[in-house]
Amino acid sequence: MSAPLRVLIADDELLARKRLTRLLAALPDTEVRGEASDAEGVLSAVRAGGVDVVLLDIHMPGLSGLDALALLPEGGPRVILCTAHAEHAVQAFEHGAVDYVLKPVEPARLQKALERARARGPAEVSPPPKPPGPPVRGLGRLPIPTRQGIVLVDPEAISHASLEDELVTVFTTQGDFLTDFTLNELVEKLPSEHFHRVHRRALLNLTHVARLEPLDTGGYLARTLRGHAVEVSRQSARELRRMLGLRRGVEEEG
């Protein structure tokens, strides 16, 4: 007897999730490992492990199913995209899905898609986290995997990186890119003379800062040259003042 196929259901509609749960319960050798209503929930569940297949809706709030698919780790769970529109089929396969099923999902079609996922073999067990890679060298570019391919970004073009929910976005003069790098990994990879961890959820390139606005908390709101606002914690604000040669906060001057 083969091991049960562990399935994560991802759809922002409760009725759709209930229907898939009911269909999976009637199929042999399958086990529902959880549900997610958005892409962030999918990524969190996959990182936790124990998922072989994700039944992934394309249209969800925030990141789409295709966005989530692009951020899944190599060797991770097989993905079956669920969509109400047949024209998404090409995109599904281009992004690495093993199959797609049209809504409303029919039992026979779902079983066929799961058999195709099972034939690909189980998801690989994620290895222990690797230590951060070496600093950017060689070409002097930071490689950022995206849906369109790997974007090579000049560190000088990066203004900041921020963590929202479970995802890090790198903001650059070339555009903004979602990445599976953690902020700690970016700290290790980027030049320390320019990049500073100014908040538990933010990394800032000081060469892109146009203005520091004082906050009641004792921190700052850093305004970048592109107009973004990055919060600087109180502790980081003290360090910045020392770096800038300010004996007291700008907010105290006048």
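This is a predicted model: local features need pLDDT of at least 70, side-chain atom pairs count only at pLDDT 80 or more; totals for chains, interfaces and linings use all residues.

Trainee: How many helices and strands does the protein have?

Mentor: The count is seven helices and 15 strands. Of its 254 residues, 42% count as buried. As for contacts with a separation of 6 or more, 51% of them are between residues 24 or more positions apart.

Trainee: Which residues touch the most other members in the largest nonpolar core?

Mentor: A nonpolar core is a set of buried nonpolar residues joined through side-chain atoms within 4.5 Å. Here the largest one has 23 residues, and those touching the most other members are Val 42, Val 54, Leu 56, Leu 69, Leu 72, Val 79 and Leu 81. At least two residues of this core come from each of strand S1 (5-10), helix H2 (39-48), strand S3 (53-57), helix H3 (65-71) and strand S4 (78-83). Another core, of 18 residues, lies apart from it and includes Leu 20, Leu 55, Val 98 and Val 105.

Trainee: What does Val 42 touch, leaving out residues up to four places away in sequence?

Mentor: On that count Val 42 touches Leu 8, Ala 10, Ala 36, Val 54, Leu 56 and Leu 72.

Trainee: Is Leu 66 buried or exposed?

Mentor: The cut-off for buried is under 20% relative accessible area. Leu 66 has 5%, so it is buried. This residue is found in helix H3.

Trainee: Now the helix pair. At what angle do the axes of helix H1 and helix H5 cross?

Mentor: The axes of H1 (residues 14-25) and H5 (residues 107-119) cross at roughly 70° and come within 10 Å. Angles of 65 to 115 degrees count as roughly perpendicular, and therefore H1 is roughly perpendicular to H5. On the H1 side the contact is made by Leu 20, Leu 23 and Leu 24, and on the H5 side by Pro 107, Leu 110 and Leu 114. By class, that gives six nonpolar, no polar and no charged residues.

Trainee: What about a charged residue? Where is Asp 11 placed?

Mentor: Asp 11 is in the loop between S1 and H1. Its relative accessible area is 1%, so Asp 11 is buried. The side chain of Asp 11 reaches the backbone nitrogen of Glu 13 at 2.9 Å. Not counting residues up to four places away in sequence, Asp 11 touches Ala 16, Arg 17, Ala 36, Ser 37, Asp 57, Met 60 and Lys 103.

Trainee: Which side chain is joined to that of Arg 241 by a polar contact?

Mentor: The side chain of Tyr 220, at 3.3 Å. Arg 241 also lies in helix H7, and with a relative accessible area of 13% it is buried.

Terms used:
Residues are numbered from 1 along each chain as its sequence is written. Side-chain values use heavy atoms; hydrogens and water are left out. Buried means under 20% relative accessible area, exposed over 50%, partly exposed in between (1.4 Å probe, protein chains only). Helices (H or I, at least four residues) and strands (E, at least two) are DSSP runs, numbered from the N terminus. Contact means heavy atoms within 4.5 Å. Axes are lines fitted to C-alpha atoms, for helices over the stretch in contact, and angles run from 0 to 180 degrees between N-to-C directions. Angles under 35 degrees count as roughly parallel, over 145 as roughly antiparallel, 65 to 115 as roughly perpendicular and the rest as oblique. Ala, Val, Leu, Ile, Met, Phe, Trp, Tyr, Cys and Pro count as nonpolar, Asp, Glu, Lys and Arg as charged, and the others, Gly among them, as polar. A polar contact is a pair of N or O atoms within 3.5 Å; within protein, one must be able to donate a hydrogen and the other to accept it, and residues adjacent in sequence count only if both atoms are side-chain atoms.
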